[in-house]
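I am opening a notebook on a structure that is new to me, and I want to write down what I look up in the order I look it up.

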Amino acid sequence: MAIDFSIVREAIPVLLEGLRITALVSVVGIPIGVVIGISAAYAAQSRTLLRPIALAYVELVRNIPYLILVYLSFFGLPKLGVSASAMTVAVGCTAFYTGGYFCEILRAALRSVARGQTHAALSLGMTYWQTQRHIIAPQLFGFLIPPTTSLVIMMFKDSAIFSVMSLPEMTYQSNLLTANTFAYVEVLGATALIYWLSSVLLAGVGRRLENVVGRRTRTPDVAPLSTFPAKGKGQLS
């Protein structure tokens with residue numbers, strides 16, 4: 001059976017319109033999730049009542065399937081008297097899930113920095129937050145970028161779940177197209193290609209950021225011994 005490329009050509013503009021919704025959910029939801037994750041990570045490291053709350057939040061994200069969370073939010077919120085559109089639920093679920101995973105990524109990065117640096121900074125009179133801002137945070141980017149890139153790609157692809165609540169993102173558009181044309185191979189193949197290209201683009205941006213941060217934080221090479229002047233007469237021993 002030959003592939004009908006005319007269907008692919010007709011499907012691509014519709015799929016790109018769905019990609020716009022997918023990208024909008026990701027662009028709004030993921031940064032909000034990162035902010036939530038930062039707050040949860042520092043709460044989990046504290047010795048206050050916020051610590052068990054933050055840890056419970058992470059366990060919730062780890063152990064509840066994403067699809068169940070989306071269903072609960074979409075059908076459960078109206079029962080609580082909260083009216084929210086499919087777009088709002090999608091952004092909220094993306095932020096909620098991203099926050100849980102980014103919390104663990106940041107906690108791992110914080111543990112990668114030697115505690116002696118914090119103790120040294122505090123002993124010099126810096127406050128805790130000054131230490132985090134000027135000493136710890138600049139070292140974290142190298143640890144954070146690779147797993148954060150993977151997280152962004154994962155959340156971008158998982159946005160396909162929002163098709164179950166009729167959000168017109170890319171997978172939902174492909175479902176409509178296949179229902180009308182029965183051209184599953186052409187439409188789903190084009191959809192998979194767009195997801196793949198988008199993920200490759202995101203991975204490329206992540207690698208570029210990693211290289212830029214790596215150049216800025218790399219320790220200058222120590223000059224080889226041969227570059228130092230040899231001792232001679234008249235030089236201090």
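This is a predicted model: local features need pLDDT of at least 70, side-chain atom pairs count only at pLDDT 80 or more; totals for chains, interfaces and linings use all residues.

**Helix α2 and what lies around it**

I then looked up which residues of α2 are buried, and found A54, Y57, V58 and V61. Because these residues cover an arc of only 95° around the axis, they sit on the same side of α2. Among what covers the buried residues of α2, I noted α1 (5-45) and α4 (86-112).

**The nonpolar cores**

Next I asked which members of the largest nonpolar core touch the most others. Of its 35 residues, they are Y66, L106, L140 and F162. At least two residues of this core come from each of α1, α2, α3 (66-79), α4 and α6 (128-158), and α4 gives the most, with 11 residues. For L140, setting aside neighbours within four places in sequence, I listed contacts with L106, A109, L110 and V113. Another core, of 13 residues, lies apart from the largest one and includes V8, L19, F156 and I194.

**The UniProt record**

Finally, I consulted the unreviewed UniProt entry, which places the feature "transmembrane region" at residues 21-42, 54-74, 80-102, 140-162 and 182-206. In the model, residues 54-74 are 90% helix and 0% strand, with end C-alpha atoms 24 Å apart, while residues 182-206 are 92% helix and 0% strand, with end C-alpha atoms 37 Å apart.

Key:
Residues are numbered from 1 along each chain as its sequence is written. Side-chain values use heavy atoms; hydrogens and water are left out. Buried means under 20% relative accessible area, exposed over 50%, partly exposed in between (1.4 Å probe, protein chains only). Helices (H or I, at least four residues) and strands (E, at least two) are DSSP runs, numbered from the N terminus. The arc is that of the directions from the helix axis to the C-beta atoms. Contact means heavy atoms within 4.5 Å. A nonpolar core is a set of buried Ala, Val, Leu, Ile, Met, Phe, Trp, Tyr and Cys residues joined through side-chain atoms within 4.5 Å. UniProt positions are given in the numbering used here, feature names are shortened, and annotations may be inferred rather than shown by experiment.
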